[in-house]
Amino acid sequence: MPLDTVIFSGEGPHADPWHPLAETSATLATLIGDPGSVTVVTSVDQLDAALDGARLLVVNASADRQTLIPDDEDFARVLDGFLARGGSLLAIHSATLAFPLVASWRSTVGAAWQHGRSFHPPIGPSLVRRSGVEHPISTGLGDFEVFDERYTDLELIDGVDVEPLYVHDEGGDTHPLVWARTVGSSRIVYSALGHDVRSYESPEHVELLRRIVAWLRRDI
C-alpha cells in the first residue's frame, strides 16, 4: 500500500516534559491507517522527503520554549509547500504549543497556547459536547466522555474562521476543542484531545478521529 499519511512526532525542541508524544504517535499510527500507509518521522529534516506523495500530515508535537530556532523556519517552508499542493493537516492536542512565534503555523491551525492565559483543568474524565455546526465529520455523532485534558482559553487567531465541531464547558464559558477549516484546496483540523493514550481508550473518540481522517483524505 502506498504511503498516504505522515505523522510528525516531536522530539527534542519539538517536545516537552508533559506529553508522551512517541507513545501517542504510535497509537495514532495504528488507528488511522493500514500498515505501510502511515510513517512516523521525528525530525524536520526528514519531513520534506517523507511528504512526497502523501495526502495527510499529522502534527503531534509541542515545545517547551518561547523562542524561534532554525528548524521552525524549515518546518514552515515544508508545510507551506505541502498545503500549496493540496495536502491536508491534522494538528493534535499540544500542537498549539509547537513552533512558537511561527505566524504561519498559528494561522494555519487557527489558535495557539497563550502562556499566562491558556490552561486546562486537571486531567480526568471529561465531557465533550458536539456543537450545533453541521459537518460531515460529526454527522450522526453525539456527545461523549473521554479521559483527557480540556484545553481552555486558547488564543484564537484574528481573521481565522473555524467551525467548532466539539466543545467543552469551563468557568461558565464554552470553549472549542475540535474544529475544521478549509484553506484553498487544503483541509485542516485541530483536535485539542489526545494528551496521552488513555484518550484513545474512548471508542467515541476513536470514531471521531477516524471521521476526521476520512474527511481530511476526502473519503467523505
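Five of the five residues of β4 are buried, so this strand is largely enclosed by the rest of the structure. Buried here means under 20% relative accessible area, with exposed being over 50% and partly exposed in between (1.4 Å probe, protein chains only). Helices (H or I, at least four residues) and strands (E, at least two) are DSSP runs, numbered from the N terminus. From β4, S88, L90 and I92 point one way, while L89 and A91 point the other way, and all are buried.

A word on the source: this is a predicted model, in which local features need pLDDT of at least 70 and side-chain atom pairs count only at pLDDT 80 or more, while totals for chains, interfaces and linings use all residues. Residues are numbered from 1 along each chain as its sequence is written, and side-chain values use heavy atoms, leaving out hydrogens and water.

| Strands | Bridges | Direction |
|---|---|---|
| β3 and β4 | four bridges | parallel |
| β4 and β11 | four bridges | parallel |
| β6 and β9 | two bridges | antiparallel |

The bridge partner of L56 in β4 is S88. Between β3 and β4 the chain passes through α3, making a right-handed β-α-β crossover: with the strands pointing away from the viewer, the path from the first strand over the helix to the second runs clockwise. On the β11 side, A91 stands opposite Y190.

Helix α3 (residues 70–84) has 15 residues. Its buried residues are D72, F75, A76, V78, L79, F82 and L83. Among the elements covering them are α2 (44–50), β4 (88–92) and α4 (103–109). After α3 comes G86, whose phi is positive, near 90 degrees.

Finally, the largest nonpolar core has 64 residues, and L90 and V59 are among those with the most contacts inside it. Such a core is a set of buried Ala, Val, Leu, Ile, Met, Phe, Trp, Tyr and Cys residues joined through side-chain atoms within 4.5 Å. Helix α5 (residues 203–216) gives the most to this core, with seven residues.

Note on methods. Expected span 1.5 Å × (residues − 1). Contact = heavy atoms within 4.5 Å. Pairing = 2+ DSSP bridges.
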